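Q: I have a model open and would like to learn how to read its features one at a time. Could you walk me through it?

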Amino acid sequence: MKFFLSGEIDGTKPQDQIDKKFQVASDYVTEKLSPILEVESYGDEVAELNIIPIIVKLSDEMEAAGWHKERKLFKRKSHSTDFRLRIDYDEFCNGSD
């Protein structure tokens, strides 16, 4: 199974270095999951797993308008999945490697 990890991250506060922290986390997760998923099978229907963490600070108005919602999507025709998962910005920034 193919594995793809990307992210929607908030770059408005360069001092938080969210891009660098996300890259470290992304590399770690990809390194650990890729070998496992290369040999795992979830049947003929699922050939690709796409995970997109969403790490953004939203104003109350943006939150109420539904910006950056989580989603679970299965595309039967392309045999791919797409998961978008919200991660708390402050918790991620303050977390350790």
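Q: How is Glu45 classed by relative accessible area?
A: Buried means under 20% relative accessible area, exposed over 50%, and partly exposed in between (1.4 Å probe, protein chains only). In this predicted model, Glu45 is partly exposed, with a relative accessible area of 36%. Residue numbers run from 1 along each chain as its sequence is written, the side-chain values use heavy atoms without hydrogens or water, and local features need pLDDT of at least 70. Side-chain atom pairs count only at pLDDT 80 or more, while totals for chains, interfaces and linings use all residues.

Q: Which side chain meets Glu45 in a salt bridge?
A: Side chains of opposite charge can pair when their charged atoms come close. The rule used here asks for a side-chain nitrogen of Lys or Arg within 4 Å of a carboxyl oxygen of Asp or Glu. Glu45 meets Arg76 in this way, at 3.2 Å from N to O. The pair links distant parts of the chain: Glu45 is in the loop between α1 and β3, Arg76 in the loop between β4 (71-75) and β5, 31 residues apart. Helices (H or I, at least four residues) and strands (E, at least two) are DSSP runs, numbered from the N terminus. Arg76 itself is exposed, at 55% relative accessible area.

Q: How many salt bridges does the rule give?
A: The count comes to 6. One of them joins Arg84 to Glu8, with the closest N and O atoms 2.5 Å apart. Arg84 lies in strand β5 (residues 80-86) and Glu8 in strand β2 (residues 8-9), so this pair ties together parts 76 residues apart in sequence. Arg84 is partly exposed at 22% relative accessibility, and Glu8 is partly exposed at 23%. Both belong to a network of salt bridges that links Glu8, Arg71, Asp82 and Arg84.

Q: Which residue forms a salt bridge with Arg86?
A: That is Glu63, with the closest N and O atoms 3.1 Å apart. Arg86 is in strand β5 and Glu63 in helix α2 (residues 60-65), 23 residues apart. Arg86 is partly exposed at 28%, and so is Glu63 at 40%.

Q: Which residues make up the largest nonpolar core?
A: In soluble globular proteins, nonpolar side chains tend to be buried together. A nonpolar core is a set of buried Ala, Val, Leu, Ile, Met, Phe, Trp, Tyr and Cys residues joined through side-chain atoms within 4.5 Å. Here the largest has 6 residues: Ile18, Phe22, Ile55, Tyr89, Phe92 and Cys93.

Q: What is the volume of the largest pocket, and which element gives the most to its lining?
A: On a 1 Å grid over the protein atoms alone, a pocket is an open set of points where a 1.4 Å probe fits, with protein on both sides within 12 Å along at least five of seven lines; lining residues have an atom within 4 Å of a point. Grid points are joined across faces, edges and corners, and the volume is the space filled by probe spheres set on them. The largest pocket has a volume of about 340 Å³. Of its 17 lining residues, the closest to the centre are Lys21, Ala25, Ser26, Val29 and Phe92. α1 gives the most to the lining, with 8 residues.
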